[in-house]
Amino acid sequence: MTKPRRSISDPFPAWLYDGSPIDDPLGYGERAVRFLRALKHPKSTAPGHAFQLDPWQERIVRQIYGPRHSDGSRIVKTVFLLLPRGNRKTSLAAALALLHTIGPEKVPGGEVISAASDQKQARIGFDEAANIIRADKRVAKAVRIVDHRNRITYPAHGTFYEAISSDAGTQHGRSPAFVLADELHAWKKRDLWDVLESGLPKVKGSLVVIATTAGRGQDNIAFEKYSRALKIASGKIEDPTFLPILFEAPRDCDWRDEDIWRRVNPGLDLGYLDLESLRQRAREAETSPGTREAFRQLHLNIWLDHSTDPFVDMVVYDRGSTAIDMKKLAGRPCWLAVDMSATTDLTAVLAAFHDDDDGYIVLPQFFCPKDNLRGKADKDGVPYPLWADEGFICPTPGNVIDYRAVEAHIRDLCDRFDVREIAFDPAYASPVMSPLGDDGFPVMTMRQGWITQAPALNELERAIVAGKFQHGGHPVLRWNFANVAIHTDSAGNRTMHKGKSTGRIDGAVASWMAVARAAAGESNVSSYNDPASTGLFIF
């Protein structure tokens, strides 16, 4: 078996493979292992269809249930198991749920909840648990499977297991002894999580197990828990009650490296996964960006910045993070793009310059209302107050954007640089655009349809992929690009899709607009300069 590769700074759980002793003063870890080994599984190839508990899984079980406080209570309260698809996550999770329903971890009248994103996913976990029960006639006689309610009851002790979904409405009043949060990355809302988590303190010794594949985006409960797990695993914070188990590849790894596949897929050398199938997927990923991103997420467990079809790989995007030398911009032609917003959202003004290597240098500035800045941060899941303190966002007084501040910034850019054009997204543009136009500034509107966007996105993508899009590592602009979702029509034309994107993309929209106008330059022969084809309206 290929031994997983890791370094001192790698949060990968080394204890899974190093054979180190795991505390078990009361023998509860051993008790849990014996119970799981006594179960049966209909698909097991072991004698008597015995439940297969491989060494890495066994050590997880021992690490959860073995360590205890002096009073005998379990130390671990939360488990975050980040495991790629196909490594029998569902089987292990179902077995742990049964450990608390009919096994030695049960409590009288205890509620065991398996929660998933939707009813279909919830049913998968329920069927796994039900099939384990049905595989052993002795166990099947002792419990009652209520199939239409996704519920398993153990009358002798009044415990029950129930599979529920986050799209099934309110679940208030729960007092779970055990919660399995299945594929948390797919939960669209956090309402069910908040209800279940608030119910855990009602039961002494309750446990929550989050078993999930890596997700996409950062504005969700799964990323919140993943971030905490990562900080604990890397030693940045200490919390012995939270057990992080992170089978994930480095973001900048060679996703084609089979040694990395084995490192993050513990079942690959044990026959869970078909190596040839993975190789075929990897071959498809060579020529398909969408397939490649899915491969990185689902099989290498790399948490992706974006939520849907990505525009660019953010690792590639980050190559443009070198600090910008402002002195070199003096006297250069400059093109401005402005993506205005509704009065309570984010407005972006972006200046684009040509560099000396067929690329672009961009200077973004963002505006948002100052009132309730922290509330907006909680809603969007990003540090608006910190960004404001560091000058990356200009918070304007009040609870709506002060358009005068946006206008003043544009006038200041025109004073500092050789501004050739100021392109506005027509939406909400009039309060800023009109006074500038009245004073003779080179303002224009730029429609947002595919005729305008498609060639602009091609040029923007070319620059980013070639490492010729210099943005200085501006964190708000990076967040915007990470949120972008691309819509491709039947003819292959691409647009940034605000409806499908998660979080704000105003800066990314302003980027393609500014790059489009900068690409046209002063030649007046580019297709960008044809108002009929681009949707430009010059005032």
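**View 1. β1 and β7 are paired strands.** β1 and β7 run parallel and are joined by five bridges. Two strands count as a pair if DSSP finds at least two bridges between them, and strands (E, at least two residues) and helices (H or I, at least four) are DSSP runs, numbered from the N terminus. What you see is a predicted model, where local features need pLDDT of at least 70 and side-chain atom pairs count only at pLDDT 80 or more, while totals for chains, interfaces and linings use all residues. Residues are numbered from 1 along each chain as its sequence is written, and side-chain values use heavy atoms, with hydrogens and water left out. Look for Leu82, whose bridge partner in β7 is Thr212.

**View 2. β7 also pairs with β6.** These two strands run parallel too, over five bridges, and Asp182 has Ala211 in β7 as its bridge partner. Six of the six residues of β7 are buried (buried means under 20% relative accessible area, with a 1.4 Å probe and protein chains only). Leu207, Val209 and Ala211 point one way from the strand, while Val208, Ile210 and Thr212 point the other way. In a regular strand, side chains alternate between the two faces of the sheet.

**View 3. The open sheet as a whole.** Eight strands line up as β3-β4-β5-β2-β6-β7-β1-β8, with mixed pairing. β3 (144-146) and β8 sit at the edges with a single partner strand each, so one side of each has no neighbour in the sheet. From one strand to the next, the twist averages 15°. Further along, β2 (residues 111-116) pairs with β6 in the parallel sense over five bridges, with Val112 opposite Phe178.

**View 4. Helix α2 is tucked in.** Of the 11 residues of α2 (residues 55-65), 10 are buried, so this helix is largely enclosed by the rest of the structure. Among them are Trp56, Arg59, Val61 and Tyr65. α2 lies across β1, β6, β7 and β8, at about 165° to β8 (axes are lines fitted to C-alpha atoms, for helices over the stretch in contact, and angles run from 0 to 180 degrees between N-to-C directions). The buried residues of α2 also pack against α1 (28-38) and α3 (89-101).

**View 5. The largest nonpolar core.** This core has 66 residues, and Val61, Tyr65, Phe178, Ile245 and Leu300 have the most contacts inside it. A nonpolar core is a set of buried Ala, Val, Leu, Ile, Met, Phe, Trp, Tyr and Cys residues joined through side-chain atoms within 4.5 Å. Helix α3 gives the largest share, eight residues. A second, separate core of 49 residues includes Phe481, Met513, Ala516 and Ala518.

**View 6. Two crossing helices, α16 and α18.** Helix α16 (residues 450-465) packs against helix α18 (residues 506-520) at about 85°, with the axes 9 Å apart. The pair is therefore roughly perpendicular, a label for angles of 65 to 115 degrees. Residues that meet here include Leu457 and Leu460 from α16, and Trp512 and Val515 from α18 (contact means heavy atoms within 4.5 Å). By class, this contact has seven nonpolar, three polar and one charged residues; Ala, Val, Leu, Ile, Met, Phe, Trp, Tyr, Cys and Pro count as nonpolar, Asp, Glu, Lys and Arg as charged, and the others, Gly among them, as polar.

Terms used:
Angles under 35 degrees count as roughly parallel, over 145 as roughly antiparallel, 65 to 115 as roughly perpendicular and the rest as oblique. Buried means under 20% relative accessible area, exposed over 50%, partly exposed in between (1.4 Å probe, protein chains only).
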